[in-house]
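Please read the following account of one predicted model.

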Amino acid sequence: MPVLFAVTVLFIMQLAGEVLARLTGLPLPGPLIGMLLMLAALMAHGRVPSGLRDTCHHMLKHLMLLFIPPVAGIMLYFGPLEREWIPFLLACIAGVALTLVVTALTFRWMLRRAEKPRP
């Protein structure tokens with residue numbers, strides 16, 4: 001039962017984010033807004049429920065399966081991508097580079113924070 005509840009919560013948060021994005025016209029994807037809503041809810045709750053944690057851990061182990069729909073979507077737009085492949089390629093490279101830099105800086109910050117003595 002905790003798995004069903006956790007998946008339901010995840011879908012409700014995504015739906016709420018999508019509805020909020022469409023109603024307000026925010027230039028953010030609905031799933032991103034849903035993740036921010038989930039973060040706010042978890043911060044207000046004070047902890048991550050064990051069922052949600054276990055379900056998300058299991059989903060992350062099989063994350064590659066979640067990339068199949070976007071790849072299929074890219075294949076549907078192969079014509080426009082064929083004509084505009086340079087901006088697409090540059091956006092992909094810039095996105096990967098930005099992700100690597102932010103991850104490295106965050107990791108370095110976390111290491112420094114862990115080394116500091118606590119009172």
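Helix 1 (residues 2-24) packs against helix 3 (residues 50-61) at an angle of about 75°, and their axes are 8 Å apart. Here an axis is a line fitted to C-alpha atoms, for helices over the stretch in contact, and an angle runs from 0 to 180 degrees between N-to-C directions. Helix 1 is therefore roughly perpendicular to helix 3, a label used for angles of 65 to 115 degrees, with under 35 counted as roughly parallel, over 145 as roughly antiparallel and the rest as oblique. The helices themselves are DSSP runs (H or I, at least four residues), numbered from the N terminus.

This is a predicted model, in which local features need pLDDT of at least 70 and side-chain atom pairs count only at pLDDT 80 or more, while totals for chains, interfaces and linings use all residues. Residues are numbered from 1 along each chain as its sequence is written, and side-chain values use heavy atoms, with hydrogens and water left out.

Which residues of helix 1 and helix 3 meet? On the helix 1 side they are P2, V3, A6, V7 and L10, and on the helix 3 side G51, L52, T55, C56 and M59; contact means heavy atoms within 4.5 Å. By type, the residues of this contact divide into eight nonpolar, two polar and no charged. In that scheme Ala, Val, Leu, Ile, Met, Phe, Trp, Tyr, Cys and Pro are nonpolar, Asp, Glu, Lys and Arg are charged, and the others, Gly among them, are polar.

T55 belongs to helix 3 and has 6% relative accessibility, so T55 counts as buried. Buried means under 20% relative accessible area, exposed over 50%, and partly exposed in between (1.4 Å probe, protein chains only). Not counting residues up to four places away in sequence, T55 touches P2, V3, A6 and V7. A polar atom of the T55 side chain also lies 2.8 Å from the backbone oxygen of G51.

Helix 1 itself has 23 residues and reaches 32 Å from its first C-alpha to its last, close to the 33 Å expected at 1.5 Å a residue. The expected span is 1.5 Å times one less than the number of residues. Just after helix 1, G25 takes a positive phi of about 75°.

An α-helix has 3.6 residues a turn, so residues three or four places apart point the same way. Leaving aside neighbours within four places in sequence, M13 is in contact with G34, L37, M38 and A41.

F11, another residue of helix 1, counts as exposed because its relative accessibility is 56%.

With a relative accessible area of 44%, R108 is partly exposed. The C-alpha atoms of R108 and A21 are separated by 34 Å, and the two residues are 87 apart along the chain. For F11 and R113, 102 residues apart in sequence, the C-alpha to C-alpha distance is 35 Å.

Definitions and conventions: Helix = DSSP H or I, 4+ residues; strand = E, 2+ residues; numbered from the N terminus. Polar contact = N/O pair within 3.5 Å; in protein donor to acceptor, adjacent residues only side chain to side chain.
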